[in-house]
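Please look at the sequence and the model below. The paragraphs that follow lead through them step by step.

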Amino acid sequence: MGAEEEQKRPENEQPRVNPITVSQFLAWKRQKDADTSAKKAEAARKRAEDIAAGTVQMNGRELFLHEPWVFDNSQY
């Protein structure tokens, strides 16, 4: 079907495009960045809750921040 439709279109007709302005792009970019940062913050909050509840295993950085006594070598 796609090839048939292409043949029906006159040769000089350009496909339709919807140009956007710089301000429209910047508004979209700000919204996208805000959504991304909100998702990251929500994931970090949930991870912190799960760590506090003990339902997930901590990685090395989280263990160092929450239980630094584990890395204290002065006892040896």
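## Reading the model

Over the chain the pLDDT averages 86, and 84% of the residues score at least 70. Where pLDDT is low, the predicted coordinates should not be read in detail.

The chain has 3 helices and 0 strands, so from the N terminus on its elements run α-α-α. Of the 76 residues, 4% count as buried. The chain exposes about 7,400 Å², and carbon and sulfur atoms supply 55% of this area.

Helix α2 covers residues 22-53. How far apart should the ends of its 32 residues be? At 1.5 Å a residue they should span 46 Å, and the end C-alpha atoms are 46 Å apart, which agrees. After α2 comes Gly-54, whose phi is positive, near 80 degrees.

Next, consider the nonpolar side chains. Ile-20, Val-22, Phe-25, Leu-26 and Trp-28 form a nonpolar patch on the surface, and together they have about 520 Å² of accessible area. Val-22 lies in helix α2. Is Val-22 buried or exposed? Its relative accessible area is 62%, and the cut-off for exposed is over 50%, so Val-22 counts as exposed.

The structure holds 2 aromatic pairs. Phe-25 and Trp-28 form one that is tilted, with 5.7 Å from centre to centre and 35 degrees between the planes. These two residues are 3 residues apart in helix α2, so about one helical turn separates them. An α-helix has 3.6 residues a turn, so residues three or four places apart point the same way. Phe-25 is partly exposed, at 36% relative accessibility, and Trp-28 is partly exposed as well, at 47%. Phe-64 and Phe-71 form an aromatic pair that is edge-to-face, with 5.5 Å from centre to centre and 65 degrees between the planes. Phe-64 is partly exposed at 47% relative accessibility, and Phe-71 is partly exposed at 38%.

Charged side chains are the next topic. The whole structure has 5 salt bridges. One of them joins Asp-33 and Lys-29, at 3.6 Å from N to O. Asp-33 is partly exposed, at 39% relative accessibility, and Lys-29 is partly exposed, at 35%.

Glu-49 forms a salt bridge with Arg-45, and their closest N and O atoms are 2.4 Å apart. Glu-49 and Arg-45 are also 4 residues apart in helix α2, and so about one helical turn separates them. Glu-49 has a relative accessible area of 45% and is partly exposed; Arg-45 is partly exposed at 39%. Salt bridges link Glu-42, Arg-45 and Glu-49 in a network.

Lys-46 forms a salt bridge with Asp-50, with the closest N and O atoms 3.1 Å apart. At 45% relative accessibility, Lys-46 is partly exposed.

Key
Residues are numbered from 1 along each chain as its sequence is written. Side-chain values use heavy atoms; hydrogens and water are left out. Patches are made of residues with over 30% relative accessible area and no salt bridge: like charges are joined within 9 Å, nonpolar side chains (Val, Leu, Ile, Met, Phe, Trp, Tyr) within 5 Å. Accessible areas come from the Shrake-Rupley method with a 1.4 Å probe; for residues, only the protein chains shown count as cover. A salt bridge is a side-chain nitrogen of Lys or Arg within 4 Å of a carboxyl oxygen of Asp or Glu. Buried means under 20% relative accessible area, exposed over 50%, partly exposed in between (1.4 Å probe, protein chains only). pLDDT is the predictor's confidence in each residue, from 0 to 100. The expected span of a helix is 1.5 Å times one less than its number of residues. Rings of Phe, Tyr and Trp (its six-membered ring) pair if their centres lie within 6.5 Å; planes under 30 degrees apart count as stacked, over 60 as edge-to-face and the rest as tilted.
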